Amino acid sequence: MADPAGCCRPCATCLLCLYSCQWVTAKKEKRKGLRTTKCDYSWFLSLFCVFLFTLVWLYFAIIILNDFHNFNEFIFKQTKLWLDWSLLLLIVTAVLVTYSAVLLVLALCLQLCGQPLKLHWLHKTLLILTALVVAAAFTGLGIKWAEEWKSARISLQATGPFLHIGIVGGMTLLACPLASFIYRTRNTGLKVFLLLVYWMVMIALYLVPLGITSPCIMEENELPPKPALVGHRGAPMLAPENTLMSLHKAVNCDVQVFETDVMVSADGVPFLMHDEKLIRTTNVQAVFPERATFNSTAFNWTDLQQLDAGSWFLERRPFPTVQSLSAVDHYEATKQRIPSLEQALEEAKQSNISIMFDLRPENHSDYQSFVNATLQVILQSGIPLQQVLWLPDGFREQVKQQAPGLQQVYGRKRLQNEKEPLLHVNLPYQDMSSEEIRQYRQDNISVNLYVVNQPWLFSVLWCSGVSSVTTNACQVLKEMKHPIWLLPRSTYVMIWIVVDCVSFLVIVWAFVLLK
C-alpha cells in the first residue's frame, strides 16, 4: 500500500513501531502483504471504547475531589494511615487516560497514512487491564460512595454546555480518519453503516443542547445574592479543625456561621470534637496509650485538656494548603487544645458570628443528659440565643421549651402536613435539586447545603439561589465575586448554533478534501 500524500515513510515506520512494537518499514509491510483484518478493527473499536471509558472516569475523579476529604477520613478510620488519596487517584487516572489517548492517536495517524492497524499483544493486555481497573473503580464508587452519582448529575449543570462543545469538537476531528477509511475500503455495506452511525451520532449531539438545563443560564439581573459561608469545623484548610484557631481563621474568611460538633466529657463538660475517638485529631496515643481507642466521651475534662489538638495538622497535612501556612500559624497550631463549648460560645459572641453544631453520639445511653448539659452551657454563656443554630433532633421539643430563642435547624426536607413550618434546613448538597432550592427560597425557608468546596459547585448553588453553604474552603469561596460562568439564554443559543454549523462545515470539508 502506497503512502498517501503528506505521510512520509519514516513517519509511517515510526508509527508502526509504537503501535505494533515492530520496527519494520512501510515497504516491508507491503512486501509481507499484511492488511488490517476484522480482528484488528475490533481491537481499534475496543481501544476507542476504553479511551472513552477512562475519559469518563477522569471526569468523575475531578468531580469527587469536592468530597475526597471524607474518603481520606474513612480510610484513616479503617487503617489508621493518613494519606491524601486524591493525589494517587489523579496520578493513576492521568496515566490511564494518557496511555489510551496516545494509542488512539497512533491508530488514527496510521489510518491516515494507509498503514495496517496491528496492535501488539502487550498493548492489548494493557488495554484490558486499563478497562478492568476503571470498571473496578466505578464498581467501588457505586458500592461505597453511591451519593457521588448524584454529584455527577449536579456537575452536568455546570459543565454541560462546555462538554457539549468538547464532544462535538472531538467527533468532528474524527471526520478525517473516518473519511480516509471509507474511501479506502471496498465494502459498500460497511461504508453505509459507518456513515449512518456517524451522522446519527452527530445529529444527536447537535440537538443535545435542547436537553441541557443549568441554573447559570440566566440574565445577570436574575442572579440571586451570593450564599453566606458556614465554616465546616471552622476553617480546616487553614487551621486544625474544631479549635479556636480554626474559629478565628473562619472569622477572617467572613463566614457567618461556625459549624462544629459537640460531645460531652465523662464529667459533663461539652467540648468540640467530630470523631467518636480522639486518635485522628489529637496525640492521645502518646499521652494515654492504654486508652487511645476509648470513645471521646469516656475521658474527663482534665484528661482532655492534656491533649495536643494541633500538631497532627502539621504532621499529616490533611489539605495541601497546610504547607503554605506562615511560621506564626505553624506555632499557633502546635499550641491548640480541645476547646470547650463554653470557650467556643464566648469566641462566637465576641466575633459576632453564629454557631451551629451537632451533638454526638446520638445513640449514647446518656444522650438526654448530654442535651441538658449543652443547653445549660448555652443559657449560661450569655450569647444571644438567635446566634445559636440547634441541629440535634433528639429531645428537640424539650429544647424548644427550655430555650425557645434558639434557631431550630432541621436535617430533613419539609413534610406535606408539617404542623410547624420549617424555617431552616441543613442538608447534603446532593439531596436538593435546583428546582427545590428555588421553591424553598420562594417560601422563605433558609437552605444550607454541605459540604461545598469546589468553585464550580458553589457557582451552581449560587445560581440556584441557596441561602448558605458549609465549606472547608472558605478562603477560596470568599474571593468569588461572581459565579464561574453566567450566560444569558440568547447568548447560549447563539454559541450552540455557531458550534454546530462550524462542525458541520468542517465534516463536509474533510469528506470532500479526502475524496
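The tour goes from the whole chain to single residues.

**Ground rules**

This is a predicted model, in which local features need pLDDT of at least 70, side-chain atom pairs count only at pLDDT 80 or more, and totals for chains, interfaces and linings use all residues. Residues are numbered from 1 along each chain as its sequence is written, and side-chain values use heavy atoms, with hydrogens and water left out.

**Stop 1: the whole protein**

Show the C-alpha trace. Along its principal axes it spans about 90 × 55 × 40 Å. Switch to cartoon: the protein has 21 helices and nine strands. Helices (H or I, at least four residues) and strands (E, at least two) are DSSP runs, numbered from the N terminus. Of the 515 residues, 49% are buried. Buried means under 20% relative accessible area, exposed over 50%, and partly exposed in between (1.4 Å probe, protein chains only).

**Stop 2: the annotated spans**

UniProt positions are given in the numbering used here, feature names are shortened, and annotations may be inferred rather than shown by experiment.

Select 192-212. This span is 76% helix and 0% strand, with its end C-alpha atoms 31 Å apart. Now take 493-514: 95% helix, 0% strand, and 32 Å between the end C-alpha atoms.

Next, select 227-481. UniProt (unreviewed entry) places "domain: GP-PDE" here. The end C-alpha atoms of 227-481 lie 11 Å apart, and the span is 34% helix and 16% strand.

**Stop 3**

The structure holds 19 aromatic pairs. Rings of Phe, Tyr and Trp (its six-membered ring) pair if their centres lie within 6.5 Å; planes under 30 degrees apart count as stacked, over 60 as edge-to-face and the rest as tilted.

Select Phe-60 and Trp-149. They form an edge-to-face pair, 5.1 Å centre to centre, with 70° between the planes. The pair links distant parts of the chain: Phe-60 is in helix α3 (residues 38-63), Trp-149 in helix α7 (residues 147-173), 89 residues apart. Trp-149 has 31%, so it counts as partly exposed.

Gly-166 is partly exposed, at 46%. Draw a distance to Pro-483: 21 Å, C-alpha to C-alpha, across 317 residues of sequence.

**Stop 3: charges over rings**

Select Arg-280 and Trp-312. The charged end of Arg-280 sits over the Trp-312 ring, 5.9 Å from its centre. A charge sits over a ring if NZ of Lys or CZ of Arg is within 6 Å of the ring centre and within 35 degrees of the ring normal. Then select Arg-414 and Tyr-440, where the charged end sits over the ring at 4.7 Å from the centre.

**Stop 4: the cavity**

Select Glu-241, Asn-242, Thr-243, Leu-272, Met-273, His-274, Thr-281, Thr-282, Ala-309, Ile-338 and Pro-339. These residues line the largest cavity, which holds about 60 Å³ of space. By class, the lining has five nonpolar, five polar and one charged residues. (Ala, Val, Leu, Ile, Met, Phe, Trp, Tyr, Cys and Pro count as nonpolar, Asp, Glu, Lys and Arg as charged, and the others, Gly among them, as polar.) On a 1 Å grid over the protein atoms alone, a cavity is a set of points where a 1.4 Å probe fits but cannot get out; lining residues have an atom within 4 Å of a point. Grid points are joined across faces, edges and corners, and a volume is the space filled by probe spheres set on the points.

**Stop 6**

Most residues other than glycine have a negative phi, and most peptide bonds are trans.

- Asn-242: phi is positive, about 55°. This residue is in the loop between β1 (228-232) and α10 (244-252), and is buried at 3%.
- Asp-254: phi is near 65°. This residue is in the loop between α10 and β2 (257-264), and is exposed at 52%.
- Arg-360 to Pro-361: a cis peptide bond, omega near -15°. Pro-361 is in the loop between β4 (354-359) and α16 (367-381).
- Tyr-450 to Val-451: a cis bond, omega near -20°. Val-451 is in the loop between β8 (446-450) and α19 (455-464).

How values were computed
1 Å grid on protein atoms, 1.4 Å probe; cavity = no way out; pocket = protein on both sides within 12 Å on 5 of 7 lines; lining within 4 Å.
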